[in-house]
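Subject: Structure for you to look at

Hello,

Here is the structure I promised you. Please open it and keep it on screen while you read my notes.

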Amino acid sequence: MSSPDGAAASVLIVDDNSTFRAAFRSYLLEHSACAVAEAPSGEAAIKMCRELSPKIVFMDLRMPGIGGLEACRQIRAASADTRLVLLSASLRDAPQDLTTSGAARIMTKDELLVPGRIRTLVQQLME
């Protein structure tokens with residue numbers, strides 16, 4: 001994947017909720033110069049990461065099948081360069097120790113609504 005200007009920049013959104021994926025994708029396309037792909041499951045995300053080598057993966061923590069933590073572990077094992085961000089509806093559901101997942105950070109889905117937050121985060125993770 002590449003951004004509109006041809007630079008190799010990409011984001012993969014992984015969530016079993018198609019409405020969330022579509023809304024987040026629209027926001028990213030409107031507010032950043034990234035190519036954006038979607039995956040409905042941890043299994044699909046692992047496969048897509050092998051094929052597309054995205055720079056950033058926004059991964060839902062809780063999904064049927066392979067959940068976000070395990071998918072992050074497998075993606076991290078295959079690519080040390082991919083930046084992983086775990087998303088959760090509540091931080092009460094979040095693991096205490098992210099080091100085993102390989103995720104750079106965890107954030108609530110509500111944090112995505114803070115104006116400017118995602119644009120800044122994407123810019124930081126693309127560096």
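First, a term: helices here are DSSP runs of H or I with at least four residues, numbered from the N terminus. Bear in mind that this is a predicted model.

Start with helix H1, residues 18-31. At 1.5 Å a residue, its 14 residues should span 20 Å. The end C-alpha atoms are 20 Å apart, so the two agree. Asn-17 caps the N-terminal end of H1. One of its side-chain oxygens lies 2.9 Å from the backbone nitrogen of Thr-19.

Which residues of H1 are buried? They are Phe-20, Arg-21, Phe-24 and Leu-28. These cover an arc of only 95 degrees around the axis, so they sit on the same side of H1. The face turned away from that side carries exposed residues: Thr-19, Ala-23 and Glu-30. The buried residues pack against strands E1, E2, E3 and E4, and against helix H4.

Now the rings. There are 2 aromatic pairs. Phe-20 and Phe-24 form a tilted one, 5.7 Å centre to centre, with 40 degrees between the planes. They are 4 residues apart in H1, which means about one helical turn separates them. The other pair is Phe-24 with Phe-58. Their centres are 5.0 Å apart and their planes at 75 degrees, so this pair is edge-to-face. Phe-24 lies in H1 and Phe-58 in strand E3, so the pair ties together parts 34 residues apart in sequence. Phe-20, Phe-24 and Phe-58 form one aromatic cluster.

Last, find Lys-109. It lies over the face of Phe-20, 4.6 Å from the ring centre.

Best wishes

Notes:
Residues numbered from 1 in each chain as written. Predicted model: local features only at pLDDT ≥ 70, side-chain atom pairs only at ≥ 80, totals over all residues. Heavy atoms only, no water. Helix = DSSP H or I, 4+ residues; strand = E, 2+ residues; numbered from the N terminus. Expected span 1.5 Å × (residues − 1). Buried < 20%, exposed > 50% of the residue type's maximum accessible area, 1.4 Å probe, protein only. Arc of directions from axis to C-beta. Contact = heavy atoms within 4.5 Å. Polar contact = N/O pair within 3.5 Å; in protein donor to acceptor, adjacent residues only side chain to side chain. Phe/Tyr/Trp six-rings, centres within 6.5 Å; stacked < 30°, edge-to-face > 60°. Lys NZ or Arg CZ within 6 Å of the ring centre and 35° of its normal.
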